Amino acid sequence: MSVSPVKRQKMESVLDQLKHHTTVVADTGDFNAIDEYKPLDATTNPSLILAAAQMPAYQELVDDAVAYGKKLGGSEEEQIKNACDKLFVLFGAEILKRIPGRVSTEVDARLSFDKEGMIQRARRLIDLYKEAGIGKDRILIKLSSTWEGIQAGKVLEAEYGIHCNMTLLFSFAQAVACAEAGVTLISPFVGRILDWYVANGDKKSYEPSEDPGVKSVTKIYNYYKKFGYKTIVMGASFRNTGEIKALTGCDYLTISPKLLAELSKEYVKLTPTLSVKEAQACELEKLHLDEKAFRWHHNEDQMAVEKLSDGIRKFAADAIKLERMLKERMFSAENGK
(Lines give C-alpha, C1' and ligand atoms only; values in the text may rest on other atoms or scores of the structure.)
Protein backbone atom coordinates (compact mmCIF):
# COMPACT_ATOMS: atom_id res chain seq x y z
CA MET A 1 0.00 0.00 0.00
CA SER A 2 1.46 3.34 -1.03
CA VAL A 3 1.52 6.22 1.45
CA SER A 4 0.56 9.74 0.36
CA PRO A 5 3.41 12.32 0.33
CA VAL A 6 1.66 14.31 3.11
CA LYS A 7 1.38 11.28 5.39
CA ARG A 8 4.93 10.28 4.53
CA GLN A 9 6.23 13.60 5.88
CA LYS A 10 4.56 12.85 9.22
CA MET A 11 5.41 9.15 9.29
CA GLU A 12 8.87 7.82 10.11
CA SER A 13 10.56 5.41 7.71
CA VAL A 14 10.49 1.72 8.60
CA LEU A 15 14.19 2.01 9.51
CA ASP A 16 13.53 4.85 11.96
CA GLN A 17 10.57 2.96 13.47
CA LEU A 18 12.71 -0.18 13.79
CA LYS A 19 15.28 1.79 15.81
CA HIS A 20 12.62 2.41 18.51
CA HIS A 21 12.26 -1.33 19.15
CA THR A 22 15.58 -2.89 18.15
CA THR A 23 19.24 -1.86 18.16
CA VAL A 24 20.19 -1.50 14.49
CA VAL A 25 23.71 -2.61 13.55
CA ALA A 26 25.42 -2.09 10.16
CA ASP A 27 26.81 -5.27 8.61
CA THR A 28 29.60 -3.70 6.55
CA GLY A 29 33.22 -2.59 6.39
CA ASP A 30 32.29 0.41 4.24
CA PHE A 31 32.59 3.64 6.23
CA ASN A 32 30.33 5.60 3.87
CA ALA A 33 27.41 3.25 4.57
CA ILE A 34 27.99 3.64 8.31
CA ASP A 35 28.02 7.44 8.01
CA GLU A 36 24.78 7.32 6.04
CA TYR A 37 22.65 5.02 8.23
CA LYS A 38 24.03 5.94 11.69
CA PRO A 39 23.81 2.52 13.39
CA LEU A 40 24.74 2.02 17.05
CA ASP A 41 27.17 -0.83 16.31
CA ALA A 42 28.85 -2.38 13.27
CA THR A 43 29.87 -5.93 12.40
CA THR A 44 32.66 -7.08 10.10
CA ASN A 45 33.82 -10.48 8.88
CA PRO A 46 36.63 -11.72 6.57
CA SER A 47 34.37 -11.47 3.50
CA LEU A 48 33.37 -7.85 4.23
CA ILE A 49 36.98 -6.81 4.98
CA LEU A 50 38.17 -8.53 1.79
CA ALA A 51 35.60 -6.56 -0.24
CA ALA A 52 36.44 -3.26 1.47
CA ALA A 53 40.21 -3.81 1.19
CA GLN A 54 39.85 -3.93 -2.60
CA MET A 55 38.12 -0.52 -2.76
CA PRO A 56 40.40 2.37 -3.82
CA ALA A 57 39.19 4.49 -0.86
CA TYR A 58 40.77 2.13 1.68
CA GLN A 59 44.22 1.53 0.19
CA GLU A 60 45.89 3.63 2.85
CA LEU A 61 44.67 1.21 5.53
CA VAL A 62 46.02 -1.73 3.52
CA ASP A 63 49.38 0.05 3.13
CA ASP A 64 49.51 0.70 6.90
CA ALA A 65 48.78 -2.97 7.65
CA VAL A 66 51.49 -4.09 5.22
CA ALA A 67 54.01 -1.71 6.81
CA TYR A 68 53.09 -3.02 10.28
CA GLY A 69 53.55 -6.67 9.24
CA LYS A 70 56.97 -5.91 7.75
CA LYS A 71 58.06 -3.88 10.78
CA LEU A 72 57.40 -6.80 13.15
CA GLY A 73 59.46 -9.08 10.92
CA GLY A 74 59.65 -12.85 11.30
CA SER A 75 58.87 -15.43 8.65
CA GLU A 76 56.84 -14.54 5.57
CA GLU A 77 53.85 -16.37 7.09
CA GLU A 78 54.15 -14.44 10.40
CA GLN A 79 54.41 -11.11 8.61
CA ILE A 80 51.25 -11.83 6.60
CA LYS A 81 49.35 -12.99 9.70
CA ASN A 82 50.37 -9.85 11.61
CA ALA A 83 49.42 -7.62 8.66
CA CYS A 84 46.04 -9.38 8.44
CA ASP A 85 45.25 -8.91 12.14
CA LYS A 86 46.35 -5.28 11.90
CA LEU A 87 44.10 -4.69 8.86
CA PHE A 88 41.06 -6.01 10.77
CA VAL A 89 41.88 -3.69 13.66
CA LEU A 90 42.54 -0.67 11.41
CA PHE A 91 39.11 -1.12 9.83
CA GLY A 92 37.56 -1.60 13.27
CA ALA A 93 39.26 1.54 14.63
CA GLU A 94 38.02 3.64 11.69
CA ILE A 95 34.50 2.28 12.11
CA LEU A 96 34.56 3.17 15.83
CA LYS A 97 35.16 6.82 14.92
CA ARG A 98 31.76 6.71 13.20
CA ILE A 99 29.57 4.85 15.71
CA PRO A 100 28.80 5.30 19.42
CA GLY A 101 28.77 1.58 20.21
CA ARG A 102 30.89 -1.48 19.48
CA VAL A 103 32.50 -3.08 16.46
CA SER A 104 32.71 -6.86 15.94
CA THR A 105 36.05 -8.22 14.70
CA GLU A 106 36.34 -11.86 13.68
CA VAL A 107 38.94 -14.44 14.68
CA ASP A 108 40.29 -16.48 11.74
CA ALA A 109 37.72 -19.17 10.86
CA ARG A 110 40.55 -21.67 10.34
CA LEU A 111 40.83 -21.76 14.16
CA SER A 112 37.17 -22.82 14.54
CA PHE A 113 38.08 -26.16 16.17
CA ASP A 114 41.06 -24.85 18.18
CA LYS A 115 39.88 -23.49 21.54
CA GLU A 116 43.31 -22.30 22.70
CA GLY A 117 44.13 -20.89 19.26
CA MET A 118 40.95 -18.79 19.30
CA ILE A 119 41.65 -17.50 22.82
CA GLN A 120 45.19 -16.52 21.84
CA ARG A 121 44.09 -14.79 18.61
CA ALA A 122 41.26 -12.94 20.37
CA ARG A 123 43.65 -11.62 23.00
CA ARG A 124 46.04 -10.56 20.24
CA LEU A 125 43.29 -8.56 18.51
CA ILE A 126 42.36 -6.87 21.80
CA ASP A 127 46.06 -5.99 22.34
CA LEU A 128 46.19 -4.42 18.86
CA TYR A 129 43.10 -2.34 19.66
CA LYS A 130 44.73 -1.32 22.95
CA GLU A 131 47.83 -0.15 21.01
CA ALA A 132 45.44 1.99 18.93
CA GLY A 133 44.02 3.51 22.12
CA ILE A 134 40.75 1.54 22.05
CA GLY A 135 39.51 -0.31 25.13
CA LYS A 136 38.04 -3.82 25.06
CA ASP A 137 34.63 -2.47 26.13
CA ARG A 138 34.13 -1.22 22.54
CA ILE A 139 35.03 -4.52 20.86
CA LEU A 140 33.13 -7.74 20.30
CA ILE A 141 35.33 -10.66 19.25
CA LYS A 142 33.56 -12.89 16.74
CA LEU A 143 34.04 -16.63 17.12
CA SER A 144 32.49 -19.55 15.21
CA SER A 145 29.75 -21.26 17.23
CA THR A 146 31.46 -24.67 17.27
CA TRP A 147 31.73 -26.40 20.66
CA GLU A 148 35.37 -25.24 20.80
CA GLY A 149 34.42 -21.68 19.83
CA ILE A 150 31.70 -21.51 22.50
CA GLN A 151 34.12 -22.76 25.18
CA ALA A 152 36.74 -20.23 24.01
CA GLY A 153 34.07 -17.54 24.39
CA LYS A 154 33.32 -18.74 27.91
CA VAL A 155 37.00 -18.39 28.92
CA LEU A 156 37.45 -15.01 27.20
CA GLU A 157 34.38 -13.59 28.95
CA ALA A 158 35.03 -15.05 32.43
CA GLU A 159 38.81 -14.83 32.67
CA TYR A 160 39.75 -11.88 30.46
CA GLY A 161 36.63 -9.70 30.37
CA ILE A 162 36.64 -9.88 26.56
CA HIS A 163 33.16 -9.61 25.04
CA CYS A 164 32.29 -12.20 22.40
CA ASN A 165 29.90 -12.35 19.46
CA MET A 166 29.20 -15.99 18.55
CA THR A 167 28.68 -16.19 14.80
CA LEU A 168 27.62 -18.86 12.28
CA LEU A 169 24.82 -19.89 14.62
CA PHE A 170 22.16 -22.06 12.99
CA SER A 171 20.88 -24.56 15.57
CA PHE A 172 18.95 -24.26 18.81
CA ALA A 173 21.67 -26.39 20.44
CA GLN A 174 24.29 -23.76 19.54
CA ALA A 175 22.10 -21.03 21.07
CA VAL A 176 21.55 -22.98 24.30
CA ALA A 177 25.29 -23.70 24.69
CA CYS A 178 26.13 -20.01 24.08
CA ALA A 179 23.66 -18.92 26.77
CA GLU A 180 25.14 -21.41 29.24
CA ALA A 181 28.65 -20.15 28.39
CA GLY A 182 27.61 -16.58 29.34
CA VAL A 183 28.78 -14.92 26.12
CA THR A 184 27.80 -11.29 25.44
CA LEU A 185 26.02 -11.76 22.10
CA ILE A 186 25.00 -14.35 19.51
CA SER A 187 24.44 -13.88 15.76
CA PRO A 188 21.85 -16.42 14.57
CA PHE A 189 21.81 -16.40 10.74
CA VAL A 190 18.38 -15.88 9.22
CA GLY A 191 18.96 -15.75 5.46
CA ARG A 192 21.34 -18.68 5.25
CA ILE A 193 18.76 -20.86 7.03
CA LEU A 194 16.18 -19.79 4.43
CA ASP A 195 18.69 -20.54 1.63
CA TRP A 196 19.06 -24.12 2.86
CA TYR A 197 15.32 -24.78 3.03
CA VAL A 198 14.74 -23.27 -0.43
CA ALA A 199 17.58 -25.35 -1.89
CA ASN A 200 16.61 -28.60 -0.17
CA GLY A 201 12.80 -28.48 0.01
CA ASP A 202 9.84 -28.22 -2.35
CA LYS A 203 8.78 -24.81 -1.05
CA LYS A 204 10.60 -21.97 -2.81
CA SER A 205 9.11 -18.93 -1.09
CA TYR A 206 7.90 -18.17 2.42
CA GLU A 207 5.84 -15.48 4.09
CA PRO A 208 8.08 -13.63 6.58
CA SER A 209 6.31 -15.12 9.64
CA GLU A 210 6.78 -18.64 8.20
CA ASP A 211 10.40 -18.08 7.11
CA PRO A 212 12.49 -20.87 8.75
CA GLY A 213 15.23 -18.36 9.68
CA VAL A 214 12.72 -16.00 11.30
CA LYS A 215 11.16 -18.90 13.23
CA SER A 216 14.60 -20.04 14.42
CA VAL A 217 15.56 -16.60 15.80
CA THR A 218 12.09 -16.15 17.36
CA LYS A 219 12.47 -19.43 19.26
CA ILE A 220 15.97 -18.48 20.47
CA TYR A 221 14.80 -15.00 21.57
CA ASN A 222 11.83 -16.49 23.44
CA TYR A 223 14.04 -19.09 25.16
CA TYR A 224 16.60 -16.49 26.30
CA LYS A 225 13.95 -14.12 27.63
CA LYS A 226 11.87 -16.85 29.29
CA PHE A 227 14.85 -18.16 31.27
CA GLY A 228 16.49 -14.81 31.97
CA TYR A 229 19.70 -15.17 29.96
CA LYS A 230 21.55 -11.88 29.53
CA THR A 231 23.13 -12.86 26.17
CA ILE A 232 22.02 -10.46 23.42
CA VAL A 233 20.25 -11.99 20.40
CA MET A 234 21.36 -10.28 17.17
CA GLY A 235 19.64 -11.60 14.04
CA ALA A 236 22.01 -11.60 11.05
CA SER A 237 22.33 -12.54 7.36
CA PHE A 238 19.04 -11.23 5.95
CA ARG A 239 17.80 -11.89 2.43
CA ASN A 240 14.93 -9.37 2.38
CA THR A 241 13.28 -6.65 4.47
CA GLY A 242 10.33 -8.94 5.27
CA GLU A 243 12.61 -11.06 7.48
CA ILE A 244 13.82 -7.93 9.30
CA LYS A 245 10.31 -6.58 9.89
CA ALA A 246 9.19 -9.99 11.17
CA LEU A 247 11.89 -9.78 13.88
CA THR A 248 11.06 -6.26 15.10
CA GLY A 249 11.65 -6.23 18.85
CA CYS A 250 14.65 -8.59 18.71
CA ASP A 251 17.52 -7.20 20.84
CA TYR A 252 19.76 -6.33 17.88
CA LEU A 253 19.59 -6.85 14.09
CA THR A 254 22.69 -6.49 11.90
CA ILE A 255 21.70 -5.35 8.41
CA SER A 256 23.55 -4.86 5.11
CA PRO A 257 23.69 -1.36 3.53
CA LYS A 258 21.43 -2.55 0.67
CA LEU A 259 18.62 -3.55 3.05
CA LEU A 260 19.17 -0.50 5.28
CA ALA A 261 18.60 1.62 2.15
CA GLU A 262 15.35 -0.24 1.37
CA LEU A 263 14.08 0.17 4.94
CA SER A 264 14.91 3.89 4.91
CA LYS A 265 12.70 4.38 1.83
CA GLU A 266 9.73 2.36 3.07
CA TYR A 267 6.80 4.04 4.86
CA VAL A 268 4.40 1.59 6.50
CA LYS A 269 3.47 1.14 10.16
CA LEU A 270 5.85 -1.26 11.89
CA THR A 271 4.52 -3.38 14.77
CA PRO A 272 6.88 -5.24 17.14
CA THR A 273 6.59 -9.01 16.77
CA LEU A 274 8.92 -10.07 19.61
CA SER A 275 8.53 -9.05 23.24
CA VAL A 276 9.83 -10.16 26.63
CA LYS A 277 6.28 -10.45 27.97
CA GLU A 278 5.19 -12.86 25.23
CA ALA A 279 8.46 -14.79 25.51
CA GLN A 280 7.94 -15.39 29.21
CA ALA A 281 4.50 -16.85 28.51
CA CYS A 282 5.63 -19.26 25.81
CA GLU A 283 6.00 -23.01 26.39
CA LEU A 284 9.67 -23.95 26.23
CA GLU A 285 11.60 -26.31 28.49
CA LYS A 286 15.02 -25.40 29.87
CA LEU A 287 17.89 -27.50 28.53
CA HIS A 288 21.37 -28.19 29.82
CA LEU A 289 23.92 -29.30 27.24
CA ASP A 290 27.31 -30.78 28.04
CA GLU A 291 29.63 -31.51 25.11
CA LYS A 292 28.11 -34.92 24.31
CA ALA A 293 24.54 -33.60 24.39
CA PHE A 294 25.52 -30.50 22.37
CA ARG A 295 27.15 -32.55 19.62
CA TRP A 296 24.15 -34.92 19.47
CA HIS A 297 21.45 -32.20 19.37
CA HIS A 298 23.38 -30.10 16.85
CA ASN A 299 24.01 -33.17 14.69
CA GLU A 300 20.27 -33.91 14.60
CA ASP A 301 19.78 -30.63 12.68
CA GLN A 302 20.97 -31.37 9.14
CA MET A 303 20.57 -27.75 8.02
CA ALA A 304 22.69 -26.44 10.92
CA VAL A 305 25.45 -29.02 10.42
CA GLU A 306 25.73 -28.21 6.72
CA LYS A 307 25.48 -24.42 7.08
CA LEU A 308 28.00 -24.24 9.94
CA SER A 309 30.63 -26.21 8.04
CA ASP A 310 29.86 -24.33 4.82
CA GLY A 311 30.10 -20.96 6.64
CA ILE A 312 33.46 -21.85 8.17
CA ARG A 313 34.81 -22.94 4.76
CA LYS A 314 33.60 -19.71 3.10
CA PHE A 315 35.07 -17.40 5.76
CA ALA A 316 38.32 -19.41 5.68
CA ALA A 317 38.47 -19.11 1.87
CA ASP A 318 38.06 -15.32 2.09
CA ALA A 319 40.72 -15.13 4.81
CA ILE A 320 43.10 -16.97 2.44
CA LYS A 321 42.23 -14.56 -0.41
CA LEU A 322 42.93 -11.61 1.91
CA GLU A 323 46.28 -13.11 2.89
CA ARG A 324 47.18 -13.64 -0.78
CA MET A 325 46.36 -10.01 -1.50
CA LEU A 326 48.56 -8.86 1.39
CA LYS A 327 51.33 -11.27 0.37
CA GLU A 328 51.36 -9.77 -3.12
CA ARG A 329 51.59 -6.27 -1.64
CA MET A 330 54.30 -7.24 0.81
CA PHE A 331 56.60 -9.42 -1.22
CA SER A 332 55.87 -9.07 -4.98
CA ALA A 333 57.24 -5.51 -5.04
CA GLU A 334 60.42 -6.72 -3.33
CA ASN A 335 60.82 -9.60 -5.74
CA GLY A 336 60.34 -7.27 -8.67
CA LYS A 337 63.08 -4.89 -7.56
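Colleague: What makes α6 the element with the largest share of the lining of the largest cavity?

Modeller: α6 gives three residues to that lining. It is called a helix because helices are DSSP runs of H or I with at least four residues, numbered from the N terminus, while strands are runs of E with at least two. α6 (76-96), α7 (115-131) and α16 (302-336) each give two or more residues to the lining. This is a predicted model, where local features need pLDDT of at least 70, side-chain atom pairs need 80 or more, and totals for linings use all residues. Residues are numbered from 1 along each chain, and side-chain values use heavy atoms, without hydrogens and water.

Colleague: Why is a space called a cavity and not a pocket?

Modeller: On a 1 Å grid over the protein atoms alone, a 1.4 Å probe fits in a cavity but cannot get out, whereas a pocket is an open set with protein on both sides within 12 Å along at least five of seven lines. The search finds one cavity of 30 Å³ or more. About 90 Å³ lies in the largest cavity, a volume being the space filled by probe spheres set on grid points joined across faces, edges and corners.

Colleague: How do you know which residues line the largest cavity?

Modeller: Lining residues have an atom within 4 Å of a point, and those of the largest cavity include C84, D85, F88 and R121.

Colleague: And how large is the largest pocket?

Modeller: Its volume is about 330 Å³. Of its 21 lining residues, D27, N45, L48, R192 and S237 are the closest to the centre.
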